[in-house]
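Please keep the sequence and the coordinates in view while reading.

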Amino acid sequence: MVIFAILAPLTVAGGLAAVMLRNTVHCALAVAVAFAGLALLFLQLNAQFAGFAQILVYVGAVAILVVFAILLTRSSETPATGVFSKTWLTGLVIAAAVFAVLAWAVLGSRTALPHEQIEPQIAVAQIGYALMGRYVLPLEIVAVLLTASMIGAVIVAMYEKGGAK
Amino acid sequence: MKTVEEIKTAIETAVSGAQLEIVPNGSPSAEHSLLVDAAHAFAAAKFLRDDAELKLDFLSNVTGVDWLDKETTEKVKVTRPVEKEVNGVKTMVDETVEETKKTVTPGYLEAVYHLYSMAKKHGPVILRMRTGNRSDKVELPSLTPIWRAAEFQEREVFDLFGIIFTGHPDLRRILMWDGFKDYPMRRDYVDPDDYEYEPTAHDDVLKRAQAHLAATTTEAAQ
Amino acid sequence: MSESLLEAWNRPPTIEVDGEGELLEVAMGPHHPSTHGVFRMDVVLDGERVIKLKPVFGYLHRNHEQIGQTVGYLQMMPYTDRLDYFCSLTNNWAYALAVEKLVGQAVPERAEYIRVILAELTRIQNHASTIGFLTQEMGASGTPLMYAFREREKILDLFESLTGSRMMCNYMRFGGCRVDMTEAHLNAARKIVTGLPRFIDEFENLLTSNEILMARSQGMGVLKPDLAVNAGITGPMLRASGVNYDIRKVDHYGIYDRFSFRVPLGEHGDIYDRYMVRVLEMRESLKILEQALKDIPAGPFIDPKAKIRGFKPKPGEAYGRIEAPKGELGFYLISDGGTSPYRFRIRPPSFINLTVLEDMCIGQNVADVVVVFGSVDIVLGEVDR
Amino acid sequence: MLGEGLLKGLGETARNFAGSFVSKERLTTVQYPEEREPLPEASRAFPFLVYDGADWEAGLRCVACQICEKECPPKCIYIEKSKDKKPDYVGKPQIYPAKFDIDISVCMSCQICVEVCPFEAIKMDNQFELATDDRFGGLLYDRKELARSNEYYHKIHPTEAAEVDARLAEEKAKAEEKAKAVAAAAAAKAAPAMAAKPAEGAQPQ
Amino acid sequence: MTNMLDQVFVLLKHRIVGLVPMPVQPILGAVLSVVAILAVFPGLFAISVLLERKGLGRMQNRIGPNRVGPLGVLQPVADGIKALIKEDLVPYSADHVVHFLAPVVLVVVVFMGYAVLPMGRNMTFVPMDAGLLFYFAMGASAELSIFMAGWSSRNKYSLLGAMRAVAQMISYEVPLLLSSVVIVMMTGSLSLDKIVEVQNQYTWGLPHWFVFTPMGFAAFVMFAIAATAETNRSPFDLPEGESELVAGYFTEYSGFKFAEFFLGEYVAMLSISGLGATLFLGGWSAPLEILNVVPSWFWFFAKIMVWICFYIWMRGTFPRLRQDQLMNFAWKFVLPMTLLNLLVAGLWRFMGEGWLRWVVCSAILLAAYVLGGRIGMRSKKFGPRSYRYAE
């Protein structure tokens with residue numbers, strides 16, 4: 001519980017900072033902090049695989065990708081005007097709505113109730129068996145989808161390169 | 001290879017109107033050079049490069065030479081009527097007086113090009129161009145469009161001598177910094193008194209150093 | 001003159017920048033680890049591709065030519081050491097050659113042999129260290145450079161015991177050399193020459209077939225022969241582009257027509273060819289050295305009638321040039337009959353070889369700029385004068 | 001095969017690595033301040049003035065002819081002639097340098113002063129460790145700092161010094177003979193002995 | 001006795017932990033482990049720096065540092081003191097917070113990787129089921145700190161260096177992971193302890209290290225290449241290629257922050273060598289059965305140091321690649337080879353025991369390597385040349 005008390009504010013603070021900071025690169029770094037906090041929360045729940053995958057994919061790759069995107073597309077200079085766009089109210093309403101739906105769903109589920117403390121011991125091997133056994137079809141579909149998108153990306157990149165010459 | 005005289009006639013036949021002159025070389029090497037007028041220099045140079053027999057495709061060396069205004073003093077005997085009192089009567093008498101006469105031959109800047117042939121492995125042919133004077137008529141045609149080798153060297157000549165090469169694609173100062181005013185390779189160039197002299201054993205340098213130090217300290221005080 | 005007169009090779013190629021990407025301007029130098037001194041390249045980059053490159057010179061400018069016009073003929077000799085401080089002996093030779101041409105001074109045979117021996121040793125040590133520096137630019141943490149310096153040290157030891165100084169030799173005089181090369185010196189030179197082939201083999205083992213070196217240098221910084229000729233490129237750079245022009249063979253200055261040696265030629269004109277031409281030239285220099293050390297005759301090492309002090313050539317001019325390790329080194333002298341030259345001009349090979357730096361670098365990767373620059377082989381003392 | 005050249009290179013460095021432990025040729029480092037390579041005889045650094053005998057001031061060979069001052073390329077020598085004269089090694093009365101300064105920070109060790117000196121008075125030292133913390137005064141050497149004995153000259157350049165000594169002895173013998181002849185002539189004619197002018201402009205070998 | 005020596009650190013820890021009351025014990029255990037890592041690996045860092053400078057010196061016919069202490073062994077100490085007393089310069093326009101955080105994050109993340117490495121029998125600090133994954137997760141986080149360093153310095157060289165470093169590390173992470181997956185396939189576990197246990201068996205006195213199998217060897221080579229690139233070591237040291245980028249992403253760092261980067265780089269090198277040794281060279285298992293009398297932790301550290309020596313050897317020999325060549329090499333050569341290697345690993349399992357699978361697997365890998373190398377060299381148009389002469 002103590003650990004949660006540390007991690008949860010950290011994660012939330014990271015998320016808030018990502019939205020509210022002026023410097024876009026700082027925002028990206030704050031996102032990375034939020035991702036890391038999330039990963040630690042997974043670890044706290046004994047979900048090692050999910051936690052490490054979170055770090056490997058989100059901190060190691062997605063955050064870097066975001067940062068690269070920021071640097072390559074626009075200068076990282078601080079905007080002169082405020083960070084809030086004019087439609088911030090709309091955004092807030094949508095965010096509140098999403099939060100409400102999520103909260104309703106979570107509260108409605110049985111696992112949210114504190115009395116069921118079974119703590120399943122999930123090993124990485126089990127995840128592997130599950131993926132290769134019961135969920136092999138979804139996995140393959142996802143794999144095909146990702147491959148297709150990757151080929152598409154490569155083709156797009158090649159086309160641009162060819163077009164430039 | 002052709003001799004200088006042959007090259008001269010070859011250019012004169014190929015480039016109509018070109019005025020060439022052979023500048024003799026007094027040294028034992030006897031490599032005489034060709035003085036070509038600025039107006040036809042470009043065409044002449046192009047001919048030299050492209051002529052099948054000469055094929056001077058390699059421009060080895062470009063340099064400037066500064067020839068100062070020459071002041072020759074000679075003693076001339078002049079006979080002129082002088083008013084003289086002869087026997088109490090003023091009469092005009094012709095008298096021979098020795099006078100020193102100063103003649104100033106205006107100086108000029110000269111650009112010298114050493115040409116060789118890599119294809120035929122002969123050379124050198126030395127090409128010279130002269131400016132009108134040393135102050136305002138300092139323009140010469142650039143030969144960079146013919147030999148790329150002249151690019152930096154003409155810039156250097158411009159930088160150090162002040163010859164302006166018209167047609168040079170990128171005529172900027174090269175060794176001195178852009179804000180520099182004078183042309184340091186001219187014969188009458190005087191060192192600016194703007195650097196720190198170190199104390200030395202030499203009287204004149206010491207004097208300059210002290211004067212400079214005094215000047216700078218008073219400047220600083222003001 | 002109109003733009004139309006400019007021919008195709010006369011300007012560096014321009015590159016169309018694709019996309020709306022920001023161009024990055026980087027000033028490489030004057031304080032950059034791989035500019036061989038104080039030299040600046042203003043590079044414009046599109047990503048890592050070079051769009052434009054402007055060399056900026058003059059940080060080491062000391063108006064060498066003006067110095068030459070104020071001091072006497074002999075006093076200029078030690079100043080020539082400081083031009084290309086890697087090869088002071090060839091600088092001495094070029095200057096001595098120009099003055100000898102100006103006054104018609106003959107050189108005794110033994111002195112000519114000594115000059116050839118020293119010049120070829122200079123060439124070997126220069127090429128070895130150039131390759132060392134080149135691989136240093138490629139990031140080889142100095143190993144080839146240290147091997148080159150190990151051998152160079154032996155050659156410099158010989159120079160020191162002969163001329164008194166390792167690098168600033170001030171050895172040649174108009175009409176000969178300053179001191180005689182004794183039998184002990186010749187034996188030392190022979191010992192060096194017998195040891196050098198093994199060193200070059202080692203060098204080649206380390207580098208020639210190295211895939212990384214090949215990948216880095218083949219096809220990079222290509223210089224086409226017609227541009228090379230037109231831009232006045234000389235030395236190993238020119239020969240790497242496949243143009244057969246070696247002043248030792250063309251002018252036969254000194255006594256080079258007595259030795260049998262070959263001129264290695266490259267085919268592609270890229271960095272690897274420049275590297276290989278240098279290696280092969282070292283081997284050819286060894287051949288010359290072997291012959292010279294075998295045939296050196298007895299006799300005076302300086303023309304006894306040669307004047308040292310009070311040197312006043314007749315009015316006239318002369319242009320003397322030699323094949324220095326870096327290219328054609330020429331001295332152009334105009335005498336007005338005074339004790340110092342009226343006009344003293346140095347034709348610096350490293351300076352003129354930089355003319356095509358932009359042409360070779362454009363379109364290349366920024367990492368290749370330093371390697372191309374290293375393959376030109378320059379010394380800033382000579383570039384800026 | 002890809003990687004062949006790399007392996008060859010690795011072999012070469014391994015050979016040098018191992019070789020550096022066994023072969024002197026592959027470990028050429030000299031631990032400088034403690035170890036030194038012997039300097040070759042011809043080695044030169046900066047000039048010094050030679051004196052004969054024990055007293056440096058009396059024995060200076062320099063006669064202040066100022067040739068070296070004139071010929072020095074960077075003009076680092078500064079000489080003031082003396083008003084009076086003192087006898088030189090031959091015994092002739094000569095001018096001597098009242099002031100003889102060399103600015104070592106300007107000197108470029110070119111040896112031209114040595115070449116042009118007709119009196120074997122200035123020679124090249126091989127001392128190169130002249131660092132000082134005084135930028136201006138510390139590198140301006142005066143007469144006293146420049147004076148070195150002939151024995152020192154023999155120590156650093158034995159062959160050259162021996163040649164010089166032989167030449168000087170010959171000259172001295174000739175001069176003595178001449179002096180004797182002159183003295184004899186003087187005795188005969190009772191004419192005042194002429195002070196010979198220094199042979200300025202004589203060519204050294 | 002042998003067992004005593006082998007387990008001396010484990011027993012020591014138990015003894016110390018036993019001295020305190022029960023509730024504090026886990027915390028003290030963790031602290032002890034952390035202290036041990038923080039003491040041992042910076043020490044190894046110092047040794048490897050000294051080894052590098054000395055070894056490079058010897059390869060270049062120099063002596064190397066020899067002034068501080070006997071034979072120069074105190075040189076790293078002197079370096080450390082120098083770094084500590086140097087002024088900490090921060091560029092005026094730098095992003096101060098990020099500039100400060102970057103080296104800290106790097107060092108923390110790099111040290112975290114040690115948690116899962118089995119350094120001897122029973123000597124894994126956190127015996128984790130997904131240890132390998134944890135290691136790679138930590139390795140991936142290091143990229144972020146490098147980016148932070150490069151970006152916050154507000155220096156073109158730094159930024160270029162950081163971009164290069166990050167691009168390179170992401171590219172080589174893929175082959176690094178994929179070459180390790182072969183080992184995971186062969187052992188069926190992500191736990192590094194399990195991987196070592198599998199290798200700690202002997203036939204005729206020889207160990208069952210994975211490097212002695214065809215695909216294990218191929219994976220080992222690919223892993224070594226990728227690890228070199230991942231730690232920015234020569235010949236893949238372009239992020240800090242001093243001839244082009246001055247010093248890369250840490251150009252603007254001085255004093256102790258620079259030392260932290262330096263430390264981070266070497267500690268990452270040590271840890272990735274440790275991982276390599278664990279995966280392919282049997283971790284703490286002895287190279288011969290009879291050598292099991294030597295403590296297991298000795299073997300682990302010996303293997304790390306051998307790996308480091310190889311790094312140094314390469315650094316002394318090779319020039320550096322160029323960015324695009326590096327990328328091409330990663331994506332067009334190393335990655336396909338590792339993928340093929342995965343297939344071969346599957347084939348190996350499928351074929352069952354026998355000499356045939358040795359021959360087939362070796363042949364496939366060797367053929368692919370030779371062919372791939374030749375095609376690569378031909379498509380990039382480089383290779384040995386011959387020269388002509390003019391008389």
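Which residue with a positive phi follows α11(E)? The residue is Gly282(E), and its phi lies near 75 degrees. As with every value in this account, that angle comes from a predicted model. Of the 26 residues of α11(E), 20 are buried, so the helix is largely enclosed by the rest of the structure.

As background, most residues other than glycine have a negative phi. Chain D contains 7 helices and 6 strands, and from the N terminus on its elements follow the order α-β-α-α-β-β-α-β-β-α-β-α-α. Among the 205 residues of chain D, 29% count as buried. When contacts in chain D with a separation of 6 or more are considered, 69% of them involve residues 24 or more positions apart.

Lys75(D) sits in the loop between α3 (67-71) and β2 (77-87) of chain D. Is Lys75(D) buried or partly exposed? With 19 other C-beta atoms within 10 Å, Lys75(D) is partly exposed, since a residue is buried if 20 or more such atoms lie within that distance.

Attention now turns to the contact of chain C with chain D. It takes 25 residues from chain C and 24 residues from chain D. On the side of chain C that touches chain D, α2 (73-81), α5 (143-163), α6 (183-207) and α7 (211-217) of chain C each supply at least two residues. The largest share of that side, 7 residues, comes from α5(C). By class, the side of chain C that touches chain D comprises 9 nonpolar, 10 polar and 6 charged residues.

Chain C also touches chain B, and this contact takes 42 residues from chain C and 36 residues from chain B. Helices and strands of chain C both take part: α1 (64-70), α3 (88-103), α8 (225-230), β7 (316-324), β8 (327-335), β9 (343-347) and α12 (349-353) each supply at least two residues of the side that touches chain B. The residues on this side of chain C divide into 20 nonpolar, 11 polar and 11 charged.

Within chain C, the domain assignment gives domain 1 (3-56) and domain 2 (66-384). The centres of these two domains of chain C, taken over C-alpha atoms, are separated by 29 Å. Their contact takes 17 residues from domain 1 of chain C and 19 residues from domain 2 of chain C. On the side of domain 1 that touches domain 2, the elements giving two or more residues are β2 (40-46) and β3 (49-56) of chain C. The largest share of that side, 4 residues, comes from β3(C). By class, the side of domain 1 of chain C has 12 nonpolar, 3 polar and 2 charged residues.

Terms used
Residues are numbered from 1 along each chain as its sequence is written. Chains are lettered from A and ligands numbered from 1 in the order in which they are written. This is a predicted model: local features need pLDDT of at least 70, side-chain atom pairs count only at pLDDT 80 or more; totals for chains, interfaces and linings use all residues. Two residues are in contact if their C-beta atoms, placed from the backbone, lie within 7 Å. Ala, Val, Leu, Ile, Met, Phe, Trp, Tyr, Cys and Pro count as nonpolar, Asp, Glu, Lys and Arg as charged, and the others, Gly among them, as polar. A residue is buried if 20 or more other C-beta atoms lie within 10 Å of its own, exposed if 12 or fewer, and partly exposed in between; C-beta atoms are placed from the backbone. Domain bounds come from an automatic or database domain assignment.
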